[in-house]
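Subject: Structure handover

Hello,

Here is the structure I promised to pass on. Please open it alongside this note; my findings follow below.

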Amino acid sequence: MKKYSEVAKVPYLGPESKEPFAFKYYNPDEVIAGKKMREHLKFALSYWHTLGYCGTDMFGGDTEEKNFGETEPMAIYRAKADVAFELMEKLSIDYYCFHDADIAPTGKTMKETIDNFNTMVDYLEKKQKETGKKVLWVTANNFGDKRFMAGAATSPDSAAFCWAAAKVKACIDADIRLGGTGYVFWGGREGYDTLINTDVALELDNLARFLTMARDYARAHGYKGDFYIEPKPKEPTKHQYDFDAATCCNFLREHNLLGDFKLNIEANHATLAGHTFQHELRMARVNGAFGSIDANQGDPMLGWDTDQFPTNVYDTTLAMYEVLKEGGFTTGGLNFDAKTRRQSNTMEDILLAYIAGMDSFALGLRLALKMIEDGRIDDFIKERYHSYEEGIGKRIVEGKATLEECAEHALSHPDFAVASGRQEYLESVLNEIMFGK
Ligand code: XUL
Ligand code: CO
């Protein structure tokens with residue numbers, strides 16, 4: 001197998017190819033359904049996993065090294081940026097996403113940390129100009145530092161709330177400078193471990209106050225993009241307030257934030273909440289809150305966030321079906337919030353993991369288009385609800401029918417049988433679409 005340094009740019013060689021460092025399904029400039037694949041998919045590199053994570057787990061330390069030959073802190077972070085852009089180039093990835101803490105070293109004081117951050121934002125801006133790569137979204141790491149051990153916006157200590165505000169302000173400034181179209185809030189420790197020490201009502205109201213302040217600051221400074229909440233039910237806290245898509249939408253609606261705020265749906269967070277990835281995407285869509293995707297997958301045998309590169313093509317197909325039904329991404333895209341396994345500890349593995357994830361979504365896109373063109377599934381759903389297109393059903397949907405009228409309908413009409421849902425048949429149709437010739 002080739003070395004990382006020997007791979008200049010990963011080519012598209014098609015499904016017949018056996019070359020490991022080649023795309024089999026992702027052909028970035030191929031136009032399908034009126035758009036280039038790179039525009040349908042809007043892939044993004046996650047800075048934290050790709051340039052930060054070194055294989056540590058609960059029972060053991062690093063298995064790889066990501067200082068890229070440097071020893072001085074700022075030089076290390078410049079080297080990480082160089083490798084990020086090199087990887088995007090090799091992989092034909094157009095976007096990247098980062099936390100403040102991913103791109104620059106933490107200083108001794110908040111001021112020094114923000115100065116380091118701004119110096120690295122300058123560096124990234126220069127690299128963007130040289131390469132044409134873009135920021136998909138920025139976020140603040142308001143969960144790693146011990147000051148956030150009890151939360152950031154939902155901390156019992158207002159000093160932590162303000163510390164978080166300083167970091168979000170710097171990140172919004174960076175997002176605006178770098179031309180990002182999204183800003184993410186993942187409530188890493190916005191939740192609780194036990195109710196016997198927690199004022200839930202105050203914490204939730206403070207979370208809304210924090211998001212409102214951030215929105216108002218960003219809009220006043222010319223930010224035109226979307227804000228996204230990223231739902232996750234648990235980990236690191238026992239219970240996180242942004243449990244799932246439906247919970248987040250209710251919270252955003254209650255606090256008049258829906259519209260400015262949408263959702264960033266992560267596959268592994270969906271499964272931790274006891275939902276499918278497609279369910280979370282659908283819930284975001286029906287609430288008018290579909291924004292962006294953190295592409296990864298969990299392990300059904302493990303109850304934590306394993307952040308694996310997505311390779312389950314059923315999931316990527318049904319996810320891309322939701323994206324296509326939504327009319328595609330606007331501000332959002334597919335960010336690989338995914339890391340290589342602890343034992344996949346080389347730079348070659350990072351390339352191979354991205355190729356696997358990108359190809360799985362590219363194949364998902366091709367198959368989702370096939371599903372829509374085939375039409376049997378959409379037609380079945382339409383037909384299943386046809387009783388709402390005429391008579392009493394139509395009056396119900398139009399909001400004209402009363403309870404008395406519906407009751408009268410039941411009394412004055414013959415008995416009826418609900419038609420079969422045909423689940424097994426439809427599953428076989430999906431298999432035929434996915435695996436048939
Ligand atoms: C954590 C997670 C984060 C967010 C950004 O589970 O998904 O990486 O995407 O803070
Ligand atoms: Co995520």
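**Ser360 and its surroundings**

Leaving aside residues up to four places away in sequence, Ser360 touches Pro310, Thr311 and Thr316. One caution before going on: this is a predicted model. Ser360 sits in helix 12, which covers residues 347-374. Is Ser360 buried or exposed? Its relative accessibility is 8%, so Ser360 counts as buried. The cut-off for buried is under 20%. I also checked Ser360 against Glu322, 38 residues away along the chain. Their C-alpha atoms are separated by 16 Å.

**Helix 6 and its two partners**

Two packed helices are described by the angle between their axes and the distance between the axes. I give both values for each pair.

Start with helix 5 (residues 110-131) and helix 6 (residues 158-178). Their axes are 10 Å apart, and the packing angle is about 15°. Angles under 35 degrees count as roughly parallel. Helix 5 and helix 6 are therefore roughly parallel to each other. The crossing of helix 5 past helix 6 is right-handed.

Which residues of helix 5 and helix 6 meet? Helix 5 brings Met110, Ile114, Phe117, Asn118, Val121, Asp122, Leu124, Glu125 and Gln128. Helix 6 answers with Trp163, Ala166, Lys167, Ala170, Cys171, Ala174, Arg177 and Leu178. Sorted by class, this contact of helix 5 with helix 6 holds eleven nonpolar, two polar and four charged residues.

Now the second pair. Helix 7 spans residues 200-220. The axes of helix 6 and helix 7 come within 10 Å and cross at roughly 30°. That angle makes helix 6 roughly parallel to helix 7. This crossing of helix 6 and helix 7 is right-handed.

On the helix 6 side, the contact involves Phe161, Ala164, Ala165, Val168, Lys169, Ile172, Asp173 and Ile176. They meet Asn206, Phe210, Met213, Ala214, Tyr217 and Ala218 in helix 7. By class, the contact of helix 6 with helix 7 has eleven nonpolar residues, one polar and two charged.

**Aromatic pairs**

How many aromatic pairs are there? The count comes to 20, with ring centres within 6.5 Å as the rule. Two stacked pairs are worth a look.

Phe227 and Phe261 form a stacked pair, 5.0 Å centre to centre with 25° between the planes. Phe227 lies in strand 8 (residues 226-229) and Phe261 in strand 10 (residues 261-266), so this pair ties together parts that are 34 residues apart in sequence. Phe227 is buried, at a relative accessible area of 0%. Phe261 also counts as buried, at 0% relative accessibility.

Phe290 is buried, with a relative accessible area of 7%. Phe329 is buried as well, at 8%.

There is also an aromatic cluster. Phe23, Tyr26, Phe43, Phe309, Phe336 and Tyr354 form it.

**Backbone points to check**

Most residues other than glycine have a negative phi, and most peptide bonds are trans.

The peptide bond joining Glu235 and Pro236 is cis, with omega about 10°. Pro236 is in the loop between strand 8 and strand 9 (239-240).

Phe68 is not a glycine, yet its phi is positive, about 50°. Where is Phe68 found? Phe68 is in the loop between helix 2 (47-52) and helix 3 (73-91). At 25% relative accessibility, Phe68 counts as partly exposed.

Arg422 is not a glycine either, and has a positive phi of about 55°. Arg422 has its place in the loop between helix 15 (403-412) and helix 16 (423-435). Arg422 is partly exposed, with a relative accessible area of 46%.

Best wishes

Definitions and conventions
Residues numbered from 1 in each chain as written. Chains lettered and ligands numbered in written order. Predicted model: local features only at pLDDT ≥ 70, side-chain atom pairs only at ≥ 80, totals over all residues. Heavy atoms only, no water. Axes fitted to C-alpha atoms, helices over the stretch in contact; angles between N-to-C directions. Helix = DSSP H or I, 4+ residues; strand = E, 2+ residues; numbered from the N terminus. Parallel < 35°, antiparallel > 145°, perpendicular 65-115°, else oblique. Left-handed = near helix turned anticlockwise from the far one by under 90°. Contact = heavy atoms within 4.5 Å. Nonpolar A, V, L, I, M, F, W, Y, C, P; charged D, E, K, R; others polar. Phe/Tyr/Trp six-rings, centres within 6.5 Å; stacked < 30°, edge-to-face > 60°. Buried < 20%, exposed > 50% of the residue type's maximum accessible area, 1.4 Å probe, protein only.
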